[in-house]
Amino acid sequence: EFVVRLDWSAIYLDEDGAEHDFCDFDLDLEIYDSAGATVADSYSSCPEMISINPGDLADGQYEIVASFYTGNGASMPVNFDSIPASVTLAKRGVSNNVVDLSGIWTAFDEGLDPNADGVIDNPQYYETVANLEISGSTYTVTNPETGEVIFQGRGE
């Protein structure tokens, strides 16, 4: 089983000193195929998680993407400069790698859809976390910028 987990849960203070959880901000996790179609997603949890078992996806190239959808309605943090997000890429019993996304989403009142009207206004709030290649029962996860192999494992 290959697992992707996006976590941004942390306690922050608003301008009145009240405590809130970053889970009030809507972040999402998706996996796209080479044609740009969503083949797996997690939209309604905190943390978000996608599990892929051998045979769930065809051989091919995939893109693992995290996004900050909206902060609409959330109190604004005063003790953080960005949403403290990270993505764990794991092959159970084989590898566990964490990609730190802290520092990426700094405009708390923005996001893909800042007013939550269902229209993507700011596509720059998508962040490619890793690339995934599936070949038979082998999973290869690479850094999207450098192509460096993060880890490789078999699904059987």
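One aromatic cluster takes in Tyr12, Phe22, Phe25, Phe68, Phe80, Trp105, Phe108 and Tyr125. The structure is a predicted model, and searching the whole of it turns up eleven aromatic pairs. Take phenylalanine 22 and phenylalanine 25: their ring centres sit 5.5 Å apart with 35 degrees between the planes, which makes the pair tilted. Phenylalanine 22 and phenylalanine 25 are both buried.

A second pair worth a look is phenylalanine 68 with tyrosine 125. Here the centres are 5.8 Å apart and the planes stand at 75 degrees, so this one is edge-to-face. Phenylalanine 68 belongs to strand 7 (residues 60–70), while tyrosine 125 is in the loop between strand 9 and strand 10, so the contact ties together parts of the chain that are 57 residues apart in sequence. Phenylalanine 68 and tyrosine 125 are both buried.

Strand 7 also has a partner of its own. It pairs with strand 10 in the antiparallel sense, over eight bridges; within that pairing, valine 65 has threonine 128 of strand 10 as its bridge partner. Strand 10 (126–135) then pairs with strand 11 (residues 138–142), again antiparallel, this time over five bridges. Isoleucine 134 and tyrosine 139, the latter in strand 11, are bridge partners. Strand 10 and strand 11 make a hairpin with two residues between them, and glycine 136 in the turn has a positive phi of about 65 degrees.

Most residues other than glycine have a negative phi, and most peptide bonds are trans. As for solvent, alanine 116 has a relative accessibility of 41%, so it counts as partly exposed, the band between the 20% limit for buried and the 50% limit for exposed.

Cysteine 46 and proline 47 are joined in the cis form, with omega at about 5 degrees. Proline 47 sits in the loop that runs between strand 5 (38–42) and strand 6 (48–52).

Notes:
Residues numbered from 1 in each chain as written. Predicted model: local features only at pLDDT ≥ 70, side-chain atom pairs only at ≥ 80, totals over all residues. Heavy atoms only, no water. Helix = DSSP H or I, 4+ residues; strand = E, 2+ residues; numbered from the N terminus. Buried < 20%, exposed > 50% of the residue type's maximum accessible area, 1.4 Å probe, protein only. Phe/Tyr/Trp six-rings, centres within 6.5 Å; stacked < 30°, edge-to-face > 60°. Pairing = 2+ DSSP bridges.
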